[in-house]
Amino acid sequence: MALFARFGASHDEKAAPPARSAGAEPKQDTQPVSHDVRPTVSAEAIASDKRERMISTKIEIHQVLLETLNLHLLDSVPRETLREQIDPVIAQEVRNRALALNRSEYLAFVEEIIDEMVGLGPLEALLKDDTISDILINTHEHIFVERFGKLEPTAVRFRDEPHLLRVINKIVSAVGRRVDESVPLCDARLQDGSRINVAVRPITVDGPAVSIRKFAKKKLSLERMVEGGTLRGPMAEVLAKACWGKVTIIVSGGTGSGKTTMLNALSSAISPSERLVTIEDAAELQLQQPHVVRMETRPPNLEGKGEIRQRELVMNALRMRPDRIILGEIRGGEAFDMLQAMNTGHEGSLATVHANTPRDALARIEQMVTMSGLPISQASIRNQIASALHVIVQLNRLSDGKRKIVSVSEITGMEGDIIQMQEIFAFKRTGTGPDGAVLGEFRATGVRPRFAEELMTRGVVFPSSYFDPGKPL
């Protein structure tokens with residue numbers, strides 16, 4: 001398979017990094033000698049200068065390859081084969097530019113060029129790092145990552161703004177979306193399901209801003225979340241069996257609190273015999289069941305037409321014979337249609353909502369029902385909520401970066417115009433450790449949930465110790 005259109009490089013020859021004779025100094029540019037006394041250049045400045053030169057050279061060689069490769073075959077060629085065929089060209093270009101690289105530096109340099117060609121350039125290394133959960137790009141010069149709940153800067157950067165925009169357009173075009181001055185905001189996803197949000201000029205003043213929420217390659221189960229301290233074993237068992245028993249659960253929390261991860265973990269308790277329909281703005285749920293239909297919203301086209309919102313997808317899902325509907329996030333008027341579905345034979349459905357407390361979650365859902373534009377009284381909305389929803393799981397990201405379930409509350413009905421709730425489990429913060437870690441304990445409140453009585457008729461019995469408030473879980 002001939003990848004090169006004009007280069008006659010032999011595919012059998014083994015490329016090697018440019019060699020230097022023993023004791024030879026790197027080639028220096030010829031400059032007039034000055035006898036002025038200059039300040040000593042710091043190691044950081046030298047490293048920064050080398051990094052800048054490496055980025056520029058990488059982009060230049062990438063451009064040379066794009067001009068000579070058969071681009072129609074690029075996506076169908078295995079990465080190893082591509083590396084073998086472009087190695088001779090890269091080695092020659094590095095020699096021509098007198099770029100001093102040792103063997104390991106050269107191999108890393110080749111990988112970076114391949115990432116530019118078939119991947120996402122500088123982002124590839126960050127996406128492969130399993131310790132990183134978020135990648136935050138503030139213009140082409142500043143990239144931050146979140147590791148173990150803490151933000152830190154990285155040395156990774158793009159050459160310039162056009163370089164960053166090329167990578168952005170490669171990502172969004174892969175899922176049929178676009179971003180430019182006329183459409184400066186965009187939600188999209190990567191091939192592995194990671195969620196990405198993009199904002200470009202004129203919305204952003206200094207340059208493109210990109211936020212990537214990575215998906216862990218190893219799917220988090222409730223058991224692994226227990227090991228990580230997000231909740232305790234009795235809480236996980238109660239929630240899993242409630243989900244299995246078709247108790248409708250809403251996962252509430254702030255940005256980055258782990259709502260989608262919790263939704264994925266809960267869904268693992270659903271019977272594999274059930275038909276599930278998922279509805280998301282950008283598809284990111286990773287369900288384990290064999291019978292799953294995934295649907296995703298669509299933005300308007302260049303003429304401003306063809307938009308398909310979550311509400312239309314929820315209405316269509318009702319015609320698809322689902323056993324449960326799983327809504328990635330309740331955002332607007334689809335809240336009304338979701339409540340209707342939950343009240344008409346789709347018990348056990350799941351959804352997430354942005355809110356800081358369980359009571360705030362109910363208020364937000366009530367507010368979003370009014371966004372449907374239908375003439376519905378407040379009392380009617382609250383009655384619908386009280387009859388459709390059963391449990392609210394509240395997640396928080398604490399000050400030490402750890403994510404925990406801080407409350408599991410059950411909706412018990414209406415009393416006058418107020419939706420009644422009772423808390424079953426709670427995380428009680430007791431202090432802060434010397435290293436900044438949040439100290440606390442999970443406790444039951446002493447309230448036995450009403451859904452436990454219904455589950456008993458199906459053979460599910462919870463030990464009374466699970467709801468004992470006298471000791472930590």
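A residue is called buried when its relative accessible area is under 20%, exposed when over 50%, and partly exposed in between, with a 1.4 Å probe and protein chains only. Helices (H or I, at least four residues) and strands (E, at least two) are DSSP runs numbered from the N terminus. The model is predicted: local features need pLDDT of at least 70, side-chain atom pairs count only at pLDDT 80 or more, and totals for chains, interfaces and linings use all residues. Residues are numbered from 1 along each chain as its sequence is written, and side-chain values use heavy atoms, with hydrogens and water left out.

**Helix 8**

Select residues 233-244, which form helix 8. Its buried residues are P234, M235, A236, V238, L239, A240, A242 and C243. After the helix comes K246, with a positive phi near 65 degrees.

**Y466**

Next, select Y466, in the segment after helix 14 (450-456). Y466 counts as buried because its relative accessibility is 15%. Beyond its neighbours within four places in sequence, Y466 has contacts (heavy atoms within 4.5 Å) with P234, E237, V238, F425, A444 and L473. Display the side chains of Y466 and E237: they make a polar contact at 2.5 Å. Such a contact is a pair of N or O atoms within 3.5 Å; within protein, one must be able to donate a hydrogen and the other to accept it, and residues adjacent in sequence count only if both atoms are side-chain atoms.

Now colour the nine strands of the open, mixed sheet, ordered 9-8-10-11-7-12-13-14-15. Strand 9 (292-296) and strand 15 (438-444) are at the edges; each has a single partner strand, so one side of each lacks a neighbour in the sheet. Strands pair if DSSP finds at least two bridges between them. Within the sheet, strand 12 (residues 391-397) and strand 13 (residues 403-415) are antiparallel partners over seven bridges. Select N396 to find K404 of strand 13 opposite.

**Aromatic pairs**

Finally, show the aromatic rings; the structure holds three aromatic pairs. Rings of Phe, Tyr and Trp (its six-membered ring) pair if their centres lie within 6.5 Å; planes under 30 degrees apart count as stacked, over 60 as edge-to-face and the rest as tilted. F427 and F442 are a tilted pair, because their centres are 5.0 Å apart and their planes stand at 55 degrees. F427 belongs to strand 14 (residues 418-432) and F442 to strand 15, so this pair ties together parts 15 residues apart in sequence. F462 and F467, with centres 6.2 Å apart and planes at 85 degrees, are edge-to-face.

Terms used
The expected span of a helix is 1.5 Å times one less than its number of residues.
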